Amino acid sequence: MPARGLPSSSRPRDNFERSISSSAMCQCPLMTQLHPHLKLHQRILRCWCKDTPAFAMEEEAENCSRLRTRAYVDSLSLMKQGAEARVYRGQFLGKAAIVKERFPKTYRHPILDEKLTHRRTAQEVRSILRCRKAGISAPVVYFVDYVSNCIYLEDIEQSTTVRDYIISIQQAGKDVSQLYGLSSKMGQLLARMHDEDVIHGDLTTSNILLRSPFDELNLVMIDFGLSFISALPEDKGVDLYVLEKAFLSTHPNTEEIFKALLKSYTTASNKSGPVIKKLDEVRLRGRKRSMVG
Amino acid sequence: MTIVLGFEGSANKIGVGIIQDGKVLSNPRRTYITPPGQGFMPSDTARHHRSCILDVLHEAFEEAQIKPQDIDCVAYTKGPGMGAPLLSVAIVARTVAQLWKKPLLGVNHCIGHIEMGRLITGAENPTVLYVSGGNTQVIAYSEHRYRIFGETIDIAVGNCLDRFARVLKISNDPSPGFNIEQMAKKGNKFVELPYTVKGMDVSFSGILSYIEDMAHKMLSSGECTPEDLCFSLQETLFSMLVEITERAMAHCGSQEVMIVGGVGCNVHLQEMMEVMCKERGAKLFSTDERLVCSQAVFMCGTAKQFLVLSSIYCYWQSDRPLVPNPDQQGPLIGQVFQISEAPHK
C-alpha cells in the first residue's frame, strides 16, 4: 500500500515501487485472465517507462486499479446493499465468491469517510483471519483490494442468515423450543470468539449465517467491519449488549431463547464472569427507566 | 369534539398545550435558560417550572378561549426525563385533573414524539431516529410495540452538544444546539475526533472527553477555530447517527426514515440523512418546521408538548378503550391511565 501519511509528491520512490508492484502489477495477470479485453496493465507499464514523477505514476496506477475493479465488479450480480457495503456474487479464479465493496458514503465528510472505509476494510480482514486461525467458522478471504476497498470472500452457498431462519420458524407457527439448540450454538461460537479477544462490533442475527443442512446448526460469523481486538470485559459486554438488543427487537418474545444463549456463553467461555457482570452494567446505562413524574 | 389539556416539563422547557380533535388551540411555553458555560440543574429547573406553570396554564386557556369545564381529559409527560421537573409538572396535572374531575393520562415522552411525527409527516411505518437532549435511539415498530434497535450506550447526542457548548462558553439562548449549528456553517477545517459506533449503538462520551481535554489546547495553538470545532463535531456526531439509522434500515428492510426530537431540527442532520436515503432509494420524513420553531426563532426541542398531546389524541381516537392502570386504586376521576402500546391501527 502507498504510505498514506505523506502527500503523494513527498513519498519516497522505492516506497512507490513496492506499492505499484503489490497493489497494481501483481493484480494484472489475474484481472487480465478474468477480463482479457481489459489490458490495463499495459497502461501501467507504459506509465512506468515514462520519465514522470513518482506521484503521477502512483495516481495513474491507482486509477487503473479502480477502473479495473469497477469493470470486474460491474460484471457480477448484486446480491444486496447493506449499510456498509454492496455485496456481489460471482466467480473468482473458478471459485464461488462474494465481493464486498465498501463504497464512498457521500453524507460523510471525505476525510472521515476515507479513514473509516480503509480502517474497516483492514479490520475486517484481520479479524476474519484471526478467527479462522483459532478454528472459528468464518469465510475464507481470497483477495483484498485496498485501493477500491473490496474484499473477495468465499461464498457460503445454500446458507441463510440466523435472522431469516428464526423468522421463518416463528411465522410457520412452529414450536420455538427448537431454537434453544441454535441459541446454545451461538453462545458457544461467541464465547470462542471472545476468548480469542475478537470483538465483532456488529453482532446481529443478520451477521451470522447458518450453513445447509440447517439441522446440523453449522454457524458462520460474517461482517467483521466494526470488529477490533480487545481483551477488556467492557468491550465484550458491549458486544453482547448490542446482540441482545438486536435479537430481542428483531425477534419479539424470544427472551428465554436469548437467556439460553447467555447461559451457553457463560459455560463455554473461560473469561465469562467479568463479561456478564459488565453486560449487566451496560444494560443500566443507556436507557432511562426510573425517571418518571 | 375531544379537547385535551397537556402538560410537558421533562427538561428545561415547560409547556401547556390544548388541542381539539388534532387542531392546536394554544401552546404557550417557557424555557429555563442558564448563563453560558452552565447547564440546568434538576432542582433549579423544577423551581423554574413551579414558579411559572400556573401563568402558562392561564395563558393556554386565554389563548384557546375555553374554560376548564370544556376539557375532556388531562395529559402529562410521565417520563422519561429529569425527575424533579417531571414531578413538579405531574403534581399540577394530577391536581387539576382531580379539581376538575377529568380523567388523567400519563404519556410516554418518546411515543409522543414519534406519534406526532407520524401524524404530521404521514409516514406509514418508518425507522425512527429519535435525537434530543436526553435521548438518542433508533426505533422501529414491530409486534404492537415500538422496539429499540439502537441507542446511545452513555450520553445523548443533545447532551453531548450542550456540554460541548459549555466547554466553548457558547450561549444557551435560544439553545446551545442552534448556536453550534450556526457556528458550524462558518467552519471549514475538519478536525479528526473519536468515532464510536458499536453495531446499531453509539457512544458519545469519548468524543466529549476528547474535546474537553483538547479544545483549549487546539484553540490556543491556532490549530483550529471554535467554528472549525463546531463543524467537525457536527460532521462526526451526525455521521454516526446516520450510520446507525442506515444499519437499522438494512436490518429491518425499511424504506422510510423519520427524524424526531430537538436535535432533529438541525438542518445539516436532515441534509445528511436525505443523502443517505437517496442512496438507498428510501424516503425521509422530517418533522414539520412549525414543531421546532417558535415564530422566527429556532427553538430546538420546544415542541414536546405538541407531540405528547398528539399521542393522546391518536390514542383517544383509536378503537381501543382507555384501560385504567391496574396498579392505581380509586375512582375513575383523576385516574391514571397508561399508554403502553403505540396507537397503530
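A:Lys115 and B:Glu192 form a salt bridge in which the closest N and O atoms are 3.2 Å apart. This pair crosses between chains, running from A:Lys115 in helix α5 (residues 110-133) of chain A to B:Glu192 in the loop between α5 (176-184) and β10 (197-198) of chain B. The model is a predicted one, and over all chains the count comes to 24 salt bridges.

**Salt bridges**

- Side chains of opposite charge can pair when their charged atoms come close.
- Within chain A, the side chains of A:Glu256 and A:Lys259 meet in a salt bridge with an N to O distance of 3.4 Å. These two residues are separated by about one helical turn, because they stand 3 residues apart in helix α9 (residues 255-268) of chain A.
- A:Glu256 counts as partly exposed at 46% relative accessibility, whereas A:Lys259, at 52%, counts as exposed.
- Within chain B, the side chains of B:Arg280 and B:Glu246 meet in a salt bridge at 3.3 Å, N to O. This pair links distant parts of the chain, with B:Arg280 in helix α8 (residues 267-280) of chain B and B:Glu246 in helix α7 (residues 226-252) of chain B, 34 residues apart. Both B:Arg280 and B:Glu246 are buried.
- A network of salt bridges links A:Arg108, A:Asp113, A:Arg120 and A:Asp202 with B:Glu243 and B:Arg247.

**A helix pair in chain B**

- Two packed helices are described by the angle between their axes and the distance between the axes.
- Helix α4 (residues 157-167) of chain B packs with helix α6 (residues 205-220) of chain B at an angle of about 10 degrees, and their axes are 10 Å apart. The two helices α4(B) and α6(B) are therefore roughly parallel, because angles under 35 degrees count as such.
- On the α4(B) side the contact is made by B:Cys160, B:Arg163, B:Phe164 and B:Val167, while α6(B) contributes B:Ile207, B:Leu208, B:Ile211, B:Glu212, B:Ala215 and B:His216.
- By class, the residues of this contact of α4(B) with α6(B) divide into 7 nonpolar, 1 polar and 2 charged.

**The UniProt "binding site" feature**

- An unreviewed UniProt entry places the feature "binding site" at B:Tyr130, B:Val131, B:Ser132, B:Gly133, B:Gly134, B:Asp162, B:Gly177, B:Glu181 and B:Asn266.
- B:Ser132, one of the annotated positions, has its place in the loop between β7 (127-131) and β8 (136-142) of chain B and is buried, with a relative accessible area of 3%.
- When neighbours within four places in sequence are left aside, B:Ser132 is in contact with B:Ala156, B:Val157, B:Gly158 and B:Asn159, and also with B:Gly261, B:Gly262 and B:Val263.
- B:Gly134, which the entry also lists, is found in the loop between β7 and β8 of chain B; with a relative accessible area of 26%, B:Gly134 is partly exposed.

**A buried serine in chain A**

- A:Ser183 has its place in helix α7 (residues 179-195) of chain A and is buried, with a relative accessible area of 1%.
- Beyond its neighbours within four places in sequence, A:Ser183 is in contact with A:Ile257, A:Ala260 and A:Leu261.

**Backbone features**

- Most residues other than glycine have a negative phi, and most peptide bonds are trans.
- A cis peptide bond, with omega about -5 degrees, joins A:Ser212 and A:Pro213; A:Pro213 lies in the loop between β8 (208-210) and β9 (219-221) of chain A.
- A:Asn253 has a positive phi, near 65 degrees, in a residue other than glycine. The place of A:Asn253 is in the loop between α8 (233-250) and α9 of chain A, and at 61% relative accessibility A:Asn253 counts as exposed.
- B:Lys101, although not a glycine, has a positive phi of about 55 degrees. B:Lys101 lies in the loop between α2 (83-99) and β6 (104-108) of chain B and is exposed, with a relative accessible area of 55%.

Terms used:
Residues numbered from 1 in each chain as written. Chains lettered and ligands numbered in written order. Predicted model: local features only at pLDDT ≥ 70, side-chain atom pairs only at ≥ 80, totals over all residues. Heavy atoms only, no water. Axes fitted to C-alpha atoms, helices over the stretch in contact; angles between N-to-C directions. Helix = DSSP H or I, 4+ residues; strand = E, 2+ residues; numbered from the N terminus. Parallel < 35°, antiparallel > 145°, perpendicular 65-115°, else oblique. Contact = heavy atoms within 4.5 Å. Nonpolar A, V, L, I, M, F, W, Y, C, P; charged D, E, K, R; others polar. Buried < 20%, exposed > 50% of the residue type's maximum accessible area, 1.4 Å probe, protein only. Salt bridge = Lys/Arg side-chain N within 4 Å of Asp/Glu carboxyl O. UniProt positions renumbered as here; feature names shortened; annotations may be inferred.
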